[in-house]
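Student: I would like to learn how to read helix packing and charged pairs in a model. Can we work through one together?

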Amino acid sequence: MGEHVIIDGNNLLHAMREHAPIAAVGRETMVRLIERWSRNTGSMVTLVFDGPAASGGLREQLSPDALTVLFSAPATADDLIVAAIGDEKDPTRLRVVTSDTAIRHAAGYRKCRCTDSASFIGELFPDQSPGEAPRPRSPEKPTDVASEDAEWWKNTFGGTSNEPFDGFDAMLH
């Protein structure tokens, strides 16, 4: 029997958006990549997301046969993962994928193998050479805002010309 891998879904999703060599990684894409990896490695995978379970068609898309996908509500994904680590009868066959310090500590305490999310992304994309740089992260805020757009935002949300607009003024409206 292969190893059992528990993946911190939201943690990995966040890391994939920053480090994966493909753009626009969402839950469904990530689930498909993990499903392919699971079939190739023979690993049993439990993927844990924060929040309530998806419904309708999205629920079907996020529930492939090769994976167990759990949603944590009303607890947190971290709580479920730490409990699963504690409940594991043979922690030496358990591998945890997360960059979360508390989960990594719980896994280390039980002597489980632990892989950080960025390293696991390398396993999901084995064809990418190790020296290849990850996809550049898109900037959070645009840097090429036209002066008339900036003026509109400043007039709409307040601020003076001698005071930089920091975005927090929008909370007043």
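**Charged pairs and helix packing**

Tutor: Start with R32, which counts as partly exposed at 32% relative accessibility. Keep in mind that this is a predicted model.

Student: Which residue does the side chain of R32 meet in a salt bridge?

Tutor: The general idea is that side chains of opposite charge can pair when their charged atoms come close. Here R32 pairs with E35, at 3.3 Å from N to O. Both lie in helix α2, three residues apart, about one turn of the helix.

Student: Is E35 buried or exposed?

Tutor: E35 counts as buried, at 13% relative accessibility. E35 also forms a salt bridge with R39, 3.0 Å from N to O. These two are four residues apart in α2, so about one helical turn separates them. R39 counts as exposed, at 56%.

Student: Where do the partners R113 and E3 lie?

Tutor: R113 is in strand β5 and E3 is in the segment before β1, 110 residues apart. Their closest N and O atoms are 3.3 Å apart. R113 is partly exposed at 45% relative accessible area, and E3 is partly exposed at 21%. The structure holds six salt bridges.

Student: At what angle do α1 and α2 pack?

Tutor: Two packed helices are described by the angle between their axes and the distance between the axes. Helices α1 and α2 pack at about 100 degrees, with axes 11 Å apart. They are therefore roughly perpendicular. The contact involves G9, N10, L12, L13 and M16 of α1, and R27, M30, L33 and I34 of α2. By class, that contact has six nonpolar, two polar and one charged residues.

Conventions: Residues are numbered from 1 along each chain as its sequence is written. This is a predicted model: local features need pLDDT of at least 70, side-chain atom pairs count only at pLDDT 80 or more; totals for chains, interfaces and linings use all residues. Side-chain values use heavy atoms; hydrogens and water are left out. Axes are lines fitted to C-alpha atoms, for helices over the stretch in contact, and angles run from 0 to 180 degrees between N-to-C directions. Angles under 35 degrees count as roughly parallel, over 145 as roughly antiparallel, 65 to 115 as roughly perpendicular and the rest as oblique. Contact means heavy atoms within 4.5 Å. Ala, Val, Leu, Ile, Met, Phe, Trp, Tyr, Cys and Pro count as nonpolar, Asp, Glu, Lys and Arg as charged, and the others, Gly among them, as polar. A salt bridge is a side-chain nitrogen of Lys or Arg within 4 Å of a carboxyl oxygen of Asp or Glu. Buried means under 20% relative accessible area, exposed over 50%, partly exposed in between (1.4 Å probe, protein chains only).
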